[in-house]
Amino acid sequence: MERIREEMLEAGLAGHYEALAPFARSAVYMELQEGESDFGASRMGGCPDLPAGMAWPRTEGGVALSFIAQINFAEVHPFDKNGELPETGMLWFFYDCSDEGMPWGFDPKDADGWRVFYRENAELVTAEAPDDLEVTFTGAAITFAQRIDLPGYDSDILGDIELPEEEDDAYFDWMDEREGSCNKLLGHSDNIQDGMELECENVANGIYCGDPSGYEKAKAMGLEKNAGRWKLLMQVESNEELGMMWGDMGRLYLWITDEDLKAKRFDKSWLILQCG
């Protein structure tokens with residue numbers, strides 16, 4: 001935080017630092033390494049190591065989901081400074097990348113378009129992709145690093161907080177330079193469009209958010225006060241070197257509530273796709 005403070009003061013962002021520092025969060029950044037990872041290790045793309053006997057994840061309609069990532073929490077734990085994630089076990093993330101898929105996450109019906117699941121002490125076997133899987137990705141090993149994130153200007157958790165307008169342009173420039181392209185766990189989302197916490201709360205309550213009427217309905221229901229219970233679980237870039245492209249250089253974001261994260265109910269995660 002001291003390094004961030006110095007950077008922001010040097011950039012003329014004293015007001016933004018004072019306003020945003022209370023919202024700082026620890027993140028675990030994922031750096032992709034060329035080549036496949038070891039068996040049972042964290043990886044993005046390639047073939048997953050699934051629990052023995054487990055079928056390849058599919059939608060309810062039978063469409064095979066594309067493997068996005070597996071995260072070995074024992075590798076992550078040294079960088080999870082606040083102990084928000086399990087110390088051991090494996091997390092898997094699959095997404096519908098078929099021609100008729102790529103759900104955006106603004107419709108409660110989109111929930112069938114991905115699978116996130118967690119297992120502890122599972123016997124693993126390297127799975128082979130089914131013949132009818134439309135999209136696969138090049139595999140890459142993952143290394144981890146800890147970092148502090150500040151929320152984006154449009155994060156829903158900021159509520160009615162006022163930021164100094166005279167610093168706006170400098171803040172956007174500073175954030176763009178600092179963010180770069182990053183895959184990560186926890187921390188704050190690097191938004192391409194608007195904040196997503198309220199959208200997650202709305203769809204969790206069965207509200208369609210593909211047009212403004214959904215947000216008006218949610219406001220009438222008083223759901224805005226619950227947006228802060230959602231936090232970023234994982235952010236996945238358009239990793240072109242792996243063949244991953246989410247719309248026009250977009251990102252996939254997995255969100256989870258505080259209570260589900262603490263209870264390790266990762267299957268309750270909600271996905272949102274944003275792109276330019």
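Author: In this predicted model, a residue is termed buried when its relative accessible area is under 20%.

Reader: What percentage of the 276 residues of the chain count as buried?

Author: The count applies the cut-off of under 20% relative accessible area. Taken over the 276 residues of the chain, the buried share is 52%.

Reader: Why does the radius of gyration of the chain agree with that of a compact globule?

Author: A compact globule of 276 residues would have a radius of gyration near 19 Å. The two values agree because the chain itself has a radius of gyration of 19 Å.

Reader: Which residues have the most contacts inside the largest nonpolar core?

Author: In soluble globular proteins, nonpolar side chains tend to be buried together. Here the largest nonpolar core has 49 residues. Those with the most contacts inside this core are Ile71, Phe93, Tyr95, Leu185 and Trp246.

Reader: With which residues is Ile71 in contact, leaving aside its neighbours within four places in sequence?

Author: Contact requires heavy atoms within 4.5 Å. With neighbours within four places in sequence set aside, the partners of Ile71 are Met30, Ser42, Val76, Gly89, Met90, Leu91, Ile142, Phe144, Leu185 and Met234.

Reader: Among contacts between residues at least 6 apart in sequence, what percentage join residues at least 24 apart?

Author: The chain contains 7 helices and 12 strands. For its contacts between residues at least 6 apart in sequence, the share that joins residues at least 24 apart is 75%.

Reader: How far apart do the centres of the positive and negative side chains lie?

Author: The chain carries 22 positive and 57 negative side chains. Between the centres of these two sets, the separation is 8 Å.

Technical notes:
Residues are numbered from 1 along each chain as its sequence is written. This is a predicted model: local features need pLDDT of at least 70, side-chain atom pairs count only at pLDDT 80 or more; totals for chains, interfaces and linings use all residues. Side-chain values use heavy atoms; hydrogens and water are left out. Helices (H or I, at least four residues) and strands (E, at least two) are DSSP runs, numbered from the N terminus. The radius of gyration is taken over C-alpha atoms; the globule rule is 2.2 Å times the number of residues to the power 0.38. Buried means under 20% relative accessible area, exposed over 50%, partly exposed in between (1.4 Å probe, protein chains only). Lys and Arg count as positive and Asp and Glu as negative; His and the chain ends are not counted. The place of a charge is taken as NZ of Lys, CZ of Arg, CG of Asp or CD of Glu. A nonpolar core is a set of buried Ala, Val, Leu, Ile, Met, Phe, Trp, Tyr and Cys residues joined through side-chain atoms within 4.5 Å.
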